[in-house]
Amino acid sequence: MNKDTINWLTVHLLPFEAELRLRLRRVCAGAADVDDVIQEVYCKVMQMDDVAHVNDPRGYIVQMAKNLVTDRLRRDAVVDIEVMSNLGDLEVWDDSPGPERTAFGRAELRWVMGLIGKLPDRCRAVFRARRIYGLSQKETADSLGVTEKAVEYESTKAMELISEMMKRQGVDCIPATAQPRKIHRGRKANVSDR
């Protein structure tokens, strides 16, 4: 038994076990089956030589549990239709942003970078060093060959100028195709709503 694997179980599976049990209740015949699947997940993980390849622990555990439930269903002579319909509850979560949010984020980033590009040269250089590259005030002063007082002044000036430009241009200048859509739930949209 690998100590790293035991630590991995302690960090990633133990805190998540209660939630996994709730999800398994919908696809298992009873509490004993839930216990069996959880026990099998623990055993399978503990038999692994290494867990370093697991990038998404929760997703990996859910997929492992789903595979175990699926294997059990294949072995059973009679399959409960309700259990089969609930098997979709054991899907791996995808917390990544969707294509619309990604497009909106990229458009917003281009817009902000455009605002930064309109700053005066020294002001822009100080702003990039401080806000984009995360340099300290002293590091920025040393890299640009200016005093710390100048860095402080240019940082304040950059924030004021960007704030002014944002007020003048507004968020409406971000392409409409990249802005998120409003989804109306609970009723169908009428032609007059559009």
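Buried means under 20% relative accessible area, exposed over 50%, and partly exposed in between, with a 1.4 Å probe and protein chains only. The structure is a predicted model, in which local features need pLDDT of at least 70 and side-chain atom pairs count only at pLDDT 80 or more, while totals for chains, interfaces and linings use all residues. Residues are numbered from 1 along each chain as its sequence is written, and side-chain values use heavy atoms, with hydrogens and water left out.

**Exercise 1. Classify Thr5 as buried or exposed, and state what it touches.**

Step 1. Thr5 belongs to helix α1, residues 3-13; helices are DSSP runs of H or I with at least four residues, strands are runs of E with at least two, and numbering starts from the N terminus.
Step 2. Thr5 counts as buried because its relative accessibility is 1%.
Step 3. Contact means heavy atoms within 4.5 Å. Setting aside residues up to four places away in sequence, Thr5 touches Val45, Met46, Met48, Asp49 and Val51.
Step 4. One of these partners, Met46, is found in helix α3. Met46 is partly exposed, because its relative accessible area is 30%. Between Met46 and Asp4 there are 42 residues in sequence and 9.8 Å in space, C-alpha to C-alpha.

**Exercise 2. Describe the overall make-up of the chain.**

Step 1. The chain has 9 helices and 0 strands, so its pattern along the sequence reads α-α-α-α-α-α-α-α-α.
Step 2. Of its 194 residues, 30% count as buried.
Step 3. The chain exposes about 13400 Å², and carbon and sulfur atoms supply 52% of that area; accessible areas come from the Shrake-Rupley method with a 1.4 Å probe, and for residues only the protein chains shown count as cover.
Step 4. Among contacts between residues at least 6 apart in sequence, 67% join residues at least 24 apart.

**Exercise 3. Identify the nonpolar cores and the elements that build the largest one.**

Step 1. A nonpolar core is a set of buried Ala, Val, Leu, Ile, Met, Phe, Trp, Tyr and Cys residues joined through side-chain atoms within 4.5 Å.
Step 2. The largest core holds 24 residues, and Leu20, Leu24, Val37 and Val41 have the most contacts inside it.
Step 3. Two or more residues each are given to this core by α1, α2 (17-25), α3 (31-47) and α4 (57-75). The largest share, 7 residues, comes from α4.
Step 4. Another core, of 9 residues, lies apart from it and includes Trp111, Cys123, Ala158 and Met165.

**Exercise 4. Locate Met166 and determine which residues it contacts.**

Step 1. Helix α9, residues 148-169, contains Met166.
Step 2. Met166 counts as partly exposed because its relative accessibility is 38%.
Step 3. Apart from neighbours within four places in sequence, Met166 is in contact with Trp111 and Leu115.
Step 4. Met166 and Leu115 stand 51 residues apart in sequence, with 8.1 Å between their C-alpha atoms.
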